[in-house]
Amino acid sequence: MESKILSHWFTRYKESTLFGRYINLEHILPLLDSLSGKVIIEHIGDSENNAPIHLLKIGKGSKRLLFWSQMHGNESTTTKAVFDLLNMLLDDKNEFSTKVLEECTLYIVPILSPDGAKAYTRLNYNKVDLNRDAQNKTQKESVVLSNLIDRVKPHFAFNLHGQRTIFSVGSSDIPATVSFLSPAGDLERSITPCRKIAMEIIVAMNTVLQKYIPDGVGRYDDGFNINCVGDTLSTMNIPTILFEAGHYQGDYDREKTREFIFYALITSINYIANNAINGDKYEEYFKIPENGKCFYDVIIRDVILDKKNIDISIQYAEELSENNIKFVPKIEKIGDLKKFYGHKEIIGNKRPIYNENVTVEVVQKNELSKFRLKDELFSVELIKS
């Protein structure tokens, strides 16, 4: 698929009412109202705090695809991309959309954890990680998803997530803007037929994304955990693709990443619609580098503190305030950080840090709010800008 076509489609079909990191049920309810009559919308259950969980169904094809987003409420990038995709699929003048809907039926849960989305947290209302509850199913949301899987019996499952800014492609200085995983189905991480099918689809998506973010795609760790939904699905021989929407340089609102996720979704459903996938083309999957953890949001390099030459790393904590996400900088680590990279870097050139009572211990405890570097006053707030 040509890159110009995908770029044009994203510009045309991007859902303009959704923007930034804070996306919750209140944001998508007007969209569900506007979609009523165009897609089948079903209330399939409620969250632990009695918020509705919705299922959207579109298409009439025999290939069944199941998508769910915001299993972790603070991972909203894929939700935005899902609505961009829906806008495109509803364009009956688009030949791509017509073909997909003839071959496939898509089942989409836009927000699985509405309570987590409202509070902007990874956990649900009861402080449970739904992606560690696949076996015990202690939470209403887990039961809703499990029942849906049993009912749909998907041929392909799309587990849509987001990841932190710390992830790199391997040990390189390139952020893992998008990462994929074909989850393991046993402790040995056996390369089963269903995993091969998922890997083949990932290979197709990676091929397209390399045109936009060269070397910017990573492969998520496939350590087996039966309590995770993807791993459980692999034990059921359901080809499952985990998406991780990561960081693109300067893109803390995850709008550029949203675009790449849209491209990946388009590529995957196009591949499924037009091919009988048996997993024969899976081997290129293992050429995608595994994710490393080589990034901080900011690194201040080569400064002197207590007569010691050090680097200082800063990581942003994402905090919900007045319906907006604030990125609050926290000092994460000091020392020799040559093996790490900053999404932003400040070069100290061996300038000393000045301030009253500034010691290594103060920095380590994150009690340092501002300091003077030669003739410049730095505060953690100023660094972000």
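Before I show the sheet, a definition: two strands are said to pair if DSSP finds at least two bridges between them, and the strands themselves are DSSP runs (E, at least two residues), just as helices are runs of H or I with at least four residues, numbered from the N terminus. What we are looking at is a predicted model, in which local features need pLDDT of at least 70 and side-chain atom pairs count only at pLDDT 80 or more, while totals for chains, interfaces and linings use all residues. Residues are numbered from 1 along each chain as its sequence is written, and side-chain values use heavy atoms, with hydrogens and water left out.

Eight strands form an open sheet in the order 1-2-4-3-5-9-7-8, and the pairing in it is mixed. Strand 1 (40–46) and strand 8 (217–219) stand at the edges, and because each has a single partner strand, one side of each is left without a neighbour in the sheet. From one strand to the next the twist averages 20°, where angles run from 0 to 180 degrees between N-to-C directions and axes are lines fitted to C-alpha atoms, for helices over the stretch in contact.

Helix 2 (residues 25–35) lies across strand 1 and strand 2, and runs at about 40° to strand 2. Helix 7 (residues 193–209) also packs on the sheet, touching strand 5 (156–162), strand 7 (178–181), strand 8 and strand 9 (240–245), and its direction makes about 35° with that of strand 9; contact here means heavy atoms within 4.5 Å.

How do helix 7 and helix 9 cross? Their axes come within 9 Å and cross at roughly 135°, which makes helix 7 oblique to helix 9, since angles under 35 degrees count as roughly parallel, over 145 as roughly antiparallel, 65 to 115 as roughly perpendicular and the rest as oblique. In this contact, residues of helix 7 including Ile201, Met205 and Leu209 meet residues of helix 9, among them Phe260, Tyr263 and Ile272. The residues of the contact divide into ten nonpolar, two polar and one charged, where Ala, Val, Leu, Ile, Met, Phe, Trp, Tyr, Cys and Pro count as nonpolar, Asp, Glu, Lys and Arg as charged, and the others, Gly among them, as polar.

Strand 11 (residues 295–305) and strand 12 (residues 308–321) pair in the antiparallel sense over six bridges, and they form a hairpin with two residues between them, where Asp306 in the turn has a positive phi of about 50°. Strand 12 then pairs with strand 13 (residues 324–335), again antiparallel, over eleven bridges, and in the turn of that hairpin Glu322 has a positive phi of about 55°.

Finally, two single residues. Glu283, in the loop between helix 9 (255–274) and strand 10 (291–292), is exposed, with a relative accessible area of 54%; buried means under 20%, exposed over 50%, and partly exposed in between, with a 1.4 Å probe and protein chains only.
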